[in-house]
Amino acid sequence: MYGKVYLVGAGPGDPKLITLKGLECIQQADVIAYDRLVNQKLLTYAKPNAEMIYCGKEPGRHHFIQEEIHHLLVEKAKQGKMVTRLKGGDPFVFGRGAEEASVLREANIAYEVVPGITAGIAAPAYAGISVTHREYASSFAIITGHGRDEKGQDTVQWDKVATGIDTLAFYMGIGNLRYIANQLMKHGRSSDTAVAIIEKGTTAEQRTILSTLENIAEEAVLQNIKNPALILVGQVANLHETLAWIEEEQHVSH
């Protein structure tokens with residue numbers, strides 16, 4: 001009798017932002033295969049005898065390649081085990097969850113997808129930024145930010161994205177920030193558009209910088225911004241100045 005695999009979103013960083021169902025999957029799992037951006041505190045909810053397997057892929061250093069992860073999920077489920085595949089954010093938002101689901105389907109292994117809160121919504125919320133707003137933004141897009149044109153990896157339709165959507169959230173884009181800003185300006189986005197970068201969103205180390213599209217790349221270097229960080233482009237970014245509740249709390253607690 002085959003086991004079952006749960007593709008679980010662990011949320012954006014704060015361990016309390018996991019769903020109840022996601023927490024149950026951690027508590028009941030025989031095997032937990034977890035990613036780099038998963039908060040380690042979540043692993044303390046596992047059964048004492050649960051097998052923990054780190055599947056983290058750091059930029060430039062792929063600890064576990066994707067095919068190995070596929071093989072692992074299939075093999076453990078074939079042993080009759082309940083497997084929780086724990087991913088940062090949401091498994092279907094830049095999480096390769098659909099690839100893993102396809103492999104499981106081909107192997108006739110039962111699986112469930114347990115959505116998680118994605119950073120594109122949660123990190124701005126913790127920075128006091130509402131990605132949609134009745135006065136400023138009626139559309140919102142989540143975009144992969146690491147595609148480099150010179151490597152033929154840039155699949156973003158910049159001409160449509162730049163002016164067609166009010167709020168843009170770029171994931172994994174810090175190393176590509178100058179290119180992103182230049183592409184948006186080149187395709188019609190105003191150079192004085194507000195941009196926020198939220199580093200380590202929803203965690204105790206969260207910090208946010210605010211600038212304009214024209215100056216954000218320079219400011220990020222000056223402020224030594226590091227991954228993981230989310231780039232948020234749009235007028236709503238200015239809300240950070242008045243609604244930034246979590247960072248105010250942190251200053252009070254210090």
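Before you select anything, one term: a residue is called buried when its relative accessible area is under 20%, exposed when that area is over 50%, and partly exposed in between (1.4 Å probe, protein chains only). You're looking at a predicted model, where local features need pLDDT of at least 70, side-chain atom pairs count only at pLDDT 80 or more, and totals for chains, interfaces and linings use all residues. Residues are numbered from 1 along each chain as its sequence is written, and side-chain values use heavy atoms, with hydrogens and water left out.

**Stop 1**

Select residues 177–186, which form helix α6. Helices here are DSSP runs (H or I, at least four residues), strands are DSSP runs too (E, at least two), and both are numbered from the N terminus. Which residues of α6 are buried? Colour L177, I180, A181, Q183 and L184: those are the ones. They sit on the same side of α6 because they cover an arc of only 165° around the axis, the arc being that of the directions from the helix axis to the C-beta atoms. Now turn to the other side of α6, where R178 and K186 are exposed.

Next, show what the buried residues of α6 pack against: α5 (158–164), β9, β10, α7 (216–222) and β12. Contact here means heavy atoms within 4.5 Å. Then step just past the end of α6 to G188, which takes a positive phi of about 110°.

**Stop 2: the five-strand sheet**

Now bring up the open sheet of 5 strands, in the order β8-β9-β12-β10-β11, with mixed pairing. Two strands pair if DSSP finds at least two bridges between them. At the edges are β8 (140–144) and β11 (207–212), each pairing on one side only. Zoom in on β9 (residues 167–171) and β12 (residues 229–233), which pair in the antiparallel sense over 3 bridges. Click A169 and you'll find L232 of β12 opposite.

**Stop 3**

Select residues 31–34, strand β2. In a regular strand the side chains alternate between the two faces of the sheet. Here V31 and A33 point one way, I32 and Y34 the other, and all are buried.

What pairs with β2? Strand β3 (residues 51–54) does, in the parallel sense over 4 bridges, with Y34 opposite Y54. Strand β6 (residues 82–87) also runs parallel to β2, joined by 4 bridges, and there I32 stands opposite T84.
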